[in-house]
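Open the model in your viewer and switch to a cartoon view. Keep the selection panel at hand.

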Amino acid sequence: DDAGTTVRAHLDVACGASIDAAIDRHQELGAERGRDGVVWTTMTDPTGFEYCLTRRDPETGLLTTT
């Protein structure tokens, strides 16, 4: 177990209703799409670390489902 590379948490990025455009943009920048949930999609950055794009509104923090 390498404390310098083991991830115990990951970043969630609030994208709101524009999550599909955000996924496309992140893929253009080299991220790979992972699992899809109802309100989130996991992504893996080019260095191998996982993060999530979510349907949370970036201003209110509330979930959007459309």
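Stop 1: You are looking at a predicted model. Select the strands. Four of them form an open sheet, and the order across it is β1-β4-β3-β2. Pairing in this sheet is mixed. Now pick out the edges: β1 covers residues 12-14 and β2 covers 32-36. Each of these edge strands pairs on one side only. On average, neighbouring strands are turned by 30° against each other, direction ignored.

**Stop 2: the β1 side.** Select β1 together with β4, residues 50-54. In which sense do β1 and β4 pair? The sense is parallel, over three bridges. Show V13: opposite this residue stands L53 of β4.

**Stop 3: the β2 side.** Move to β2 and β3. Here the sense is antiparallel, again with three bridges between β2 and β3. Highlight R33 and its bridge partner in β3, M43. Then follow the chain from β2 to β3: a hairpin of three residues joins them.

**Stop 4: the helix.** Select α1, residues 19-28. Helix α1 lies across β2, β3 (40-44) and β4. Against β4, the helix runs at about 150°.

**Stop 5: T54.** Go back to strand β4 and select T54. Is T54 buried or exposed? T54 counts as buried because its relative accessible area is 8%, and the cut-off for buried is under 20%. Next, show what surrounds this residue. Leaving out residues up to four places away in sequence, T54 touches D12, V13, A14, C15, G16, I19, V39 and W40.

Definitions and conventions. Residues numbered from 1 in each chain as written. Predicted model: local features only at pLDDT ≥ 70, side-chain atom pairs only at ≥ 80, totals over all residues. Heavy atoms only, no water. Pairing = 2+ DSSP bridges. Helix = DSSP H or I, 4+ residues; strand = E, 2+ residues; numbered from the N terminus. Axes fitted to C-alpha atoms, helices over the stretch in contact; angles between N-to-C directions. Contact = heavy atoms within 4.5 Å. Buried < 20%, exposed > 50% of the residue type's maximum accessible area, 1.4 Å probe, protein only.
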